[in-house]
Structure formats: structure tokens, C-alpha cells
Amino acid sequence: MTTDTVNESLDDAHNDDHHDHKMTGIKRWLYTTNHKDIGTLYLWFSFIMLLTGGALAMVIRAELFQPGLQIVEPDFFNQLTTTHGLIMVFGAIMPAFTGFANWMLPMMIGAPDMALPRMNNWSFWILPFAFAILIGSFFMESGAPNFGWTFYAPLSTTYSNGSTAFFVFAVHIMGISSIMGAINIVVTIMNLRAPGMTYMKMPLFVWTFFITAYLLIAVMPVLAGVVTMLLTDTYFGTSFFDAAGGGDPVMFQHIFWFFGHPEVYIMILPAFGIVSTIIPAFARKKLFGYSSMVYATASIALLSFIVWAHHMFTTGMPLFGELFFMYCTMLIAVPTGVKVFNWVATMWRGSMTFEMPMMFSIAFVILFTIGGFSGLMLALTPVDFQYHDTYFVVAHFHYVLVTGSLFSIYAGAYYWLPKWTGHMYSERLANWHFWCSLISVNLLFFPMHFLGLAGMPRRIPDYALQFADFNKWVSIGGFAFGLSQLIFLAVVIKCIKGGEKAPAKPWDGAEGLEWTVASPAPYHTFSTPPALEEDKA
Amino acid sequence: MHTGTEQKANNQDKRSDNGKVTKKLVLIVFAMFGFGFALVPLYDVFCDITGLNGKTNGVGVVYADDGIDTSRTVTVQFITRSAKAIPWQFEPVINEIKVHPGEMKFVNFYAKNESQRAIVGQAVPSVSPGIAAGYFQKIECFCFTQQPLQAGEEVEMGLQFYVDLELPEEITTLTLSYTLYDISDKADS
């Protein structure tokens, strides 16, 4: 414990001329333009969404606990899988990363706040409305969207259950929110870096968010476009995707995945940034190959634009197209491999300690790599015909999104919780959270590989008898993983309420400007830009 | 770049810089929104060039009388299906026909409206394998127009076509599939 830090709680009155943070109660949160407040809002929102989407997954796993239909109707099952996907992608993972960006970016680059604070407020506060529309559709006559989170036409147009309009407007609002958040991140990074912090001196965390924000700006408008076409196809008589009117349903998949594949990297590049921050801190070495990390991130982002059709190998593409998309996809393994090897090289001969952020980061490196390998298998056109639309795909993307993105979010949360709350988290509870999650998540997703290879299709509420044993294990893993996340809630609440006082820099190997301010971080930081040490890289 | 003494002036600069960058980014957003819609015609052009998705010509071609390649015989199969909820009987009069490349053929399709109301139908063709789509030339086709049928009315609809001489050697069978849609809501009045 160090005592040379000034601990200021959030409600302390500061002697400065800002007045906006004097508000109390709900108004403080409604009107706030403070990046730390907005970051907190994003993080809580995403956690609530994680539990909501998780609750839906629990019902899915309960239905799949044994063969036959026992709990829900097939149509409701479709609504569950659809909204589970949408909530997890747009409600849990993406807002969590935006929360990290809001909290940490200004502190990492020595800026007083985000560049566009009022837009920041708006971009958060429209989100709850988007999800109110989406989740609210469960309680309407039509029911919630039931056409899969990928909303392929004509399932979402001709065969829609009537929820398409709610779905489209919800996605529009989520898209606007993401775009505003991304614009804010780009402007902040371009204009508000502390003097002397050149682009190649930025922490890798900042780089990954910078590149992710550009991806968002490039593809979220395409998503907005494609859902608009769905809307007019369904309700206004256009025929973008309707073969009867000269349209083409396969074109839907092309436009959707032109958005969809970069979206995948939107959800994993920030995870790379978080892990690249944490591993050096607990290996007590500089990040191995900083500039190669930057270039690898940029090349992954660029490649993500020319691989979309690997989601559509079975739609009857010409051989040349299949080969092109297969090779481009496999090319992505190169920069991704650079990253994995860099993390391992950073740990190599480091003085490693295994606090909770490091545990989650190491789990991330191993388990994300498993997800990457199954991704490589899926990239192979000839075998993809077997894997397509089976549980193998489900296993793959849950390995990269749960043990990848979500684990990195937990790693980051444990890493910066002392900075956010001013208290150390309970190491004992955190250990419970980690080990329960690690064991259950593998029980949950690993057998899915074999189910998929054996031919169990995804998105179906029933299955053949021979899959019964594995599905039982998967469901048990699912329930255990779901419950384990409540331990995290307990950790966070306990940490906010009290605990060992955190020093300004609780991790002795940590680097970065955020550790030069007190814990908890004062409401306003870096009102004057900090001076950079010369050797900071 | 920024020093403490010039803080105020710099704040002013930063604000206008922020505005400039924001404007550029918003422009990108709108451009990409437009790009999403531009993909629609681009996709059509791409499919026309490559014959992707088995798209065939949408308006009749003039028969190019370049001779008949009697050394090759190609089987052309006809299949039909009705999209959701169109109560028509719709089928080819003959299921397949053997043609030489360059030879013009005429076949009929039978349709009957078995419902109690008038319905406008639209048949949409697709050729498999997709790579052969560009070599299947329709001179006259009922799919070029909408087909209104009164309740109980039946009709024989003609298709006149030839297979291009340039058809790749390895293709010996073409399948022409028609999907029939109910477009009464969208039909030209």
C-alpha cells in the first residue's frame, strides 16, 4: 500500500469551475457528459445485457437438456436463439468495449475527457431504448424476432412473424449508438493525445480501439442499409431480396456478411488490446513486438473486408470464388498468429505472477487460440460443407466470443477495478469466479465440437437420440457457467462497497498514464496534459 | 505541440479540429450507407458478367443462326415449383428435351389457377449449373411477362430457346428451374 495518493470519491466537491457533476440521483447519470460516468453506465448496461442474454441461453440449454420438446415451442425456441445472439453481440460485448474505451482511453492518452462529450451521453442513452424495443417484442402479439440473429431474407421478410419492424428499428438505434461512439473514439485519439505521444507511442490498447472504431464507421452504415432494405421489402413492396420482383435472396447474405465479418473483428480486436496491456504488466516485461502488433491489428482489419463469403460456401458460389475466399480467410491466421506468438514471447522468461487479470488473459490466449483453430477448419471450403450450420460452428464462435471477448472483458475489469472503485477486489471470490467459469465454459462448449462433427444441426430445438449424452453435459456446463457469472456480480458489488484500499498503481509491472492518477480515479483527470517520460514506448 | 501558455488558444484549435474530423467521419458514414445500397446494382452487374446464381437473360434475344453443332447433344431438363401459397398447378409439358447447341427449340408449360379468385403469377427462371446460365438463350419466354389467370382458367405458356455454341464441352446437362410467385399485390394494373 502506498500512501502518497489522494483518494477522492466521486461525490467530493472539487475546486474547479465545472458544475455538471454536482447533480445528484438519477439526473447525474442522465445528464452526465463525464467519460468515467458514461463508461460506468456502458459497463453496467452490458453486464445487465449479459445476464439477460444468458437467461435466454439457460432456457435454450434447458430445452436441449434431453431430446424431444419439453419446455418451449419450436417457434419460441427460434425467438430465444435470435434474441440471445442479438443481445450478446450488440448488447453485451460491444457496449462493454465501448465502456472500456470511455473509461480508459482519455486516461491512457492524457486527455481530460472524450472529444465529444455530449454526443457521448446521447450514444449511451439511446441504447436502453433499442433493447427495450427488442426485448419488448417478446411481449407483443408477434413475438420476438425468430429468424436468427443473421436475419436472412426471406425468413425475415416473406416469412416474418411480424416482428421485423421492431427488429429493424432496434438495430437502427444500436447502429447509430455504435457509430457515434466510434466517431468519438477516433476524434479523441486523433486530437487529444498528450503532447509527445505520437501514434507509435500510443499504448496498444489505444491502437486496437482506434482501428476498431474505423471498422465500426465503415460497416455499421452497411448494416443500417441492409436492415432498411429488409424493412421496405417487408412493408413497402420493394423487392431487394424477393426473387418474384427481380431481387435476389442470396444478395442479402452478401451484403449482410460484408457487415458481418468486420463485425467479428470489432468484437475481438479490443480484446487483443486489453490482453496486450495485461500480459506485459504481469510478466514484468515490455510487450514483445509492439510495432508488429500494430501492423497485425491493421492487417486483420483490412483483410476482414475481403473474406465475407466464407460464411456462404454452401450457397453455390463458383469454384474460383470459394478458393478466393478460402485463401483470404486463411491469410488472417498469419497476423493472428503473430499476435499469439507475441503474447507467448512476452511471457517467455518473464517474472510472472498470476493475479486475476493475468489468469483470465492466459485463459484467453489458450482458449481463443482453440477458437482460432476451429475457425481455420471452417475456412477450408471442402470440409465446410460438412461443418456448415452444425454445432461445430456454434462451438467455434462461442470459443472466440465467450472465452475470447468475454474473458478479455473480465481480465480488463479485474485489472482496472482498483482504478475504478479505489478498492482491491476479493481475490478469493475472484478465484471462485475464474475457476468455476473456466471449467464450466469448457464443459459447455468443448463437446459442441463433437456434436457438430457428428452432424447435430444448430438452431433446432430437438435432436437425434445419439446426441443425448453430450447435450446433457453441455447443458450442465451451461447452467454452471451462467451461475458462475453471478459470482462476478458479487465481486464487483463487494469491491465497490469496500475492501482493501487500492494504491494508485496496484500492479507493480503495470505501465501507462492511467496509473499515475489516484485510485479511485478523480472525477476529472489530466485537465492539463501530462508530460511524457522519454522512455515510454 | 501544445504548451501550457497557449492553453486557451489551443483549446479553441482543438474544438475546431474536433469539428473537422467529426465532419469527415460523418461523411464516411453516409458514404458507406450509400455503398450498402450501391451493392445492389453492383451485384446485378457482377452476376450478369459471371452468370452467378444461374441468372438468365431477362429480355428475349434474337436467334443467332450460326449453324448447329450436331456432334454434341445437351439434355435440357425442366423443373417447376410454386412459391408459398400460390394455388396454381404449374408444370412442364415435357420434362426434358435433347438439343444440339445452336438448335432452336420450343416447349410448353402448363398452368392452371385452381383457386376461386384471379391471381397474377410471375415465373422466375434459374439455370443450373450456374456457369451455364450465360449460354442458355431465351428468345421468347412467358417469364418475361406477368401471367394473370382468372379463377379456374388454364393456359399453356411457351418458351423458345437455344443453347449457345460456345457452351463449355464438359456440360452435358442443363436444368432450367422455374419458381412461380403470386404477385397479385404488386402486379401492374
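Which residues of helix α4 of chain A are buried?

Guide: This is a predicted model, in which local features need pLDDT of at least 70, side-chain atom pairs count only at pLDDT 80 or more, and totals for chains, interfaces and linings use all residues. Residues are numbered from 1 along each chain as its sequence is written, and chains are lettered from A and ligands numbered from 1 in the order in which they are written.

Helix α4 of chain A covers residues 117-125, and its buried residues are A:Asn120, A:Asn121, A:Ser123 and A:Phe124. Buried stands for 20 or more other C-beta atoms within 10 Å of the residue's own, exposed for 12 or fewer, and partly exposed for what lies in between, with C-beta atoms placed from the backbone. Helices (H or I, at least four residues) and strands (E, at least two) are DSSP runs, numbered from the N terminus. Viewed down the axis of α4(A), the buried residues fall within an arc of 165°, so they line one face of the helix. The arc is taken over the directions from the helix axis to the C-beta atoms. In chain A, these buried residues pack against α2 (35-63), α3 (74-109), α5 (127-136) and α6 (164-191). Contact between two residues requires C-beta atoms, placed from the backbone, that lie within 7 Å.

Chain A also touches chain B: 31 residues of chain A are in contact with 32 residues of chain B. On the chain B side, the elements that give two or more residues are α1 (7-50), β5 and β9 (173-182).

Strand β5(B) belongs to an open sheet of 5 strands with mixed pairing, in the order β3-β1-β9-β5-β7 of chain B. Two strands pair if DSSP finds at least two bridges between them. The edge strands of this sheet are β3(B), residues 96-99, and β7(B), residues 147-149, each pairing on one side only. Strand β5(B), residues 119-128, pairs with β7(B) in the antiparallel sense over 3 bridges. B:Gly121 has B:Gln147 in β7(B) as its bridge partner.

Chain B has an open sheet of 4 strands as well, ordered β2-β4-β8-β6 with antiparallel pairing. At its edges stand β2(B), residues 88-92, and β6(B), residues 136-141, each with a single partner strand, so one side of each is left without a neighbour in the sheet. Strands β4(B), residues 104-113, and β8(B), residues 154-163, pair in the antiparallel sense over 9 bridges.
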